[in-house]
Amino acid sequence: MNTSRLKQALLDRFECQQSGHCCRAEGFVYVTPTELTQMASYLKMDLHSFKQKYTKTINGHHLIADRTFRTSCFLDDCNRCQIYPVRPNHCRTYPQWPEIWRNKDTILHEIALCPGLKKAFEGLQEDAPDLC
């Protein structure tokens, strides 16, 4: 399995299925001051109140989710992101996170979790089995 070719082929076919699995993935979601301002404004909150309710600070950096803090981030009961139009860059760039594409095992692990990647992978298995 050539992981760089597989990555590109999966990303070319990837379509978000809005399952919310990426929002619950292990890891940390840090946000910039600009992103904080945009999210607070979108939720019609002042910045101070937004920070108090939705963030914690680690080493001077603002965090909106991690393994133990706000593990569902901004998902509602239907797995829809309540801040989707102003979601942080970290969220916008999924599934292009480097840790996903480290090796075959990390790729297969993410495919098992993400319906969008799974659908892309299944399509590749049919159309380009040599990549899988």
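# Exercises: charges, rings and contacts

Arginine 80 is partly exposed, with a relative accessible area of 48%. The model is predicted. Work through each task with the structure open.

## Exercise 1: Salt bridges

**Task.** Find how many salt bridges the whole structure holds, and describe each pair.

**Solution.** 

Step 1. Count. A search of the whole structure gives three salt bridges.

Step 2. Take aspartate 127 and arginine 13. Their side chains form a salt bridge at 2.9 Å, N to O. Aspartate 127 belongs to helix α6 and arginine 13 to helix α1 (residues 3–13), so this pair ties together parts that are 114 residues apart in sequence. Now check accessibility. Aspartate 127 is exposed at 53% relative accessible area. Arginine 13 is partly exposed at 32%.

Step 3. Take lysine 56 and aspartate 66. Their salt bridge has an N to O distance of 3.1 Å. Lysine 56 is in strand β2 (residues 56–58) and aspartate 66 is in the loop between β3 and α4, so parts 10 residues apart in sequence are tied together. Lysine 56 is partly exposed, at 28% relative accessible area. Aspartate 66 is buried, at 8%.

Step 4. Take aspartate 76 and arginine 80. Their closest N and O atoms are 3.4 Å apart, and the pair is a salt bridge. Arginine 80 is the partly exposed residue from the opening, at 48%.

## Exercise 2: A buried arginine

**Task.** Arginine 70 is buried; which side chain of opposite charge is nearest, and how far away is that side chain?

**Solution.** 

Step 1. Arginine 70 lies in the loop between β3 (61–65) and α4 (89–92).

Step 2. Look for a charge partner. The nearest side chain of opposite charge is aspartate 66, 9.6 Å away. A salt bridge needs a side-chain nitrogen within 4 Å of a carboxyl oxygen. Arginine 70 has no salt bridge. Aspartate 66 does have one, with lysine 56.

Step 3. Look for other partners. The arginine 70 side chain reaches the backbone oxygen of cysteine 73 at 2.7 Å. Its charged end also sits over the ring of phenylalanine 74, 4.2 Å from the ring centre.

Step 4. List the contacts. Beyond its neighbours within four places in sequence, arginine 70 is in contact with Lys53, Tyr54, Ile64 and Ala65.

Step 5. Compare with another arginine over a ring. Arginine 87 lies over the face of tyrosine 84, at 3.8 Å from the ring centre.

## Exercise 3: Aromatic pairs

**Task.** State how many aromatic pairs a search of the whole structure finds, then classify two of them.

**Solution.** 

Step 1. Count. The search finds six aromatic pairs.

Step 2. Classify phenylalanine 28 and tyrosine 30. Their ring centres are 6.2 Å apart and their planes meet at 20 degrees, so the pair is stacked. Phenylalanine 28 is partly exposed at 39% relative accessible area. Tyrosine 30 is partly exposed too, at 36%.

Step 3. Classify phenylalanine 50 and tyrosine 54. Here the centres are 5.1 Å apart and the planes are at 45 degrees, so the pair is tilted. Both residues are in helix α3 (residues 47–54), four residues apart, and are separated by about one helical turn. Phenylalanine 50 is buried at 0% relative accessibility. Tyrosine 54 is buried at 15%. Tyrosine 54 is also among the contacts of arginine 70.

Step 4. Look for a cluster. Ring pairs link Phe14, Tyr94 and Trp97.

## Exercise 4: Two residues and their surroundings

**Solution.** 

Step 1. Proline 115 is partly exposed, at 30% relative accessible area.

Step 2. A polar contact of 3.1 Å joins the side chains of lysine 56 and aspartate 66.

Step 3. Relate lysine 56 to Exercise 2. The C-alpha atoms of lysine 56 and arginine 70 are separated by 9.9 Å, and the two residues are 14 apart along the chain.

Key. Residues numbered from 1 in each chain as written. Predicted model: local features only at pLDDT ≥ 70, side-chain atom pairs only at ≥ 80, totals over all residues. Heavy atoms only, no water. Helix = DSSP H or I, 4+ residues; strand = E, 2+ residues; numbered from the N terminus. Buried < 20%, exposed > 50% of the residue type's maximum accessible area, 1.4 Å probe, protein only. Lys, Arg positive; Asp, Glu negative; His and termini not counted. Polar contact = N/O pair within 3.5 Å; in protein donor to acceptor, adjacent residues only side chain to side chain. Contact = heavy atoms within 4.5 Å. Phe/Tyr/Trp six-rings, centres within 6.5 Å; stacked < 30°, edge-to-face > 60°. Lys NZ or Arg CZ within 6 Å of the ring centre and 35° of its normal.
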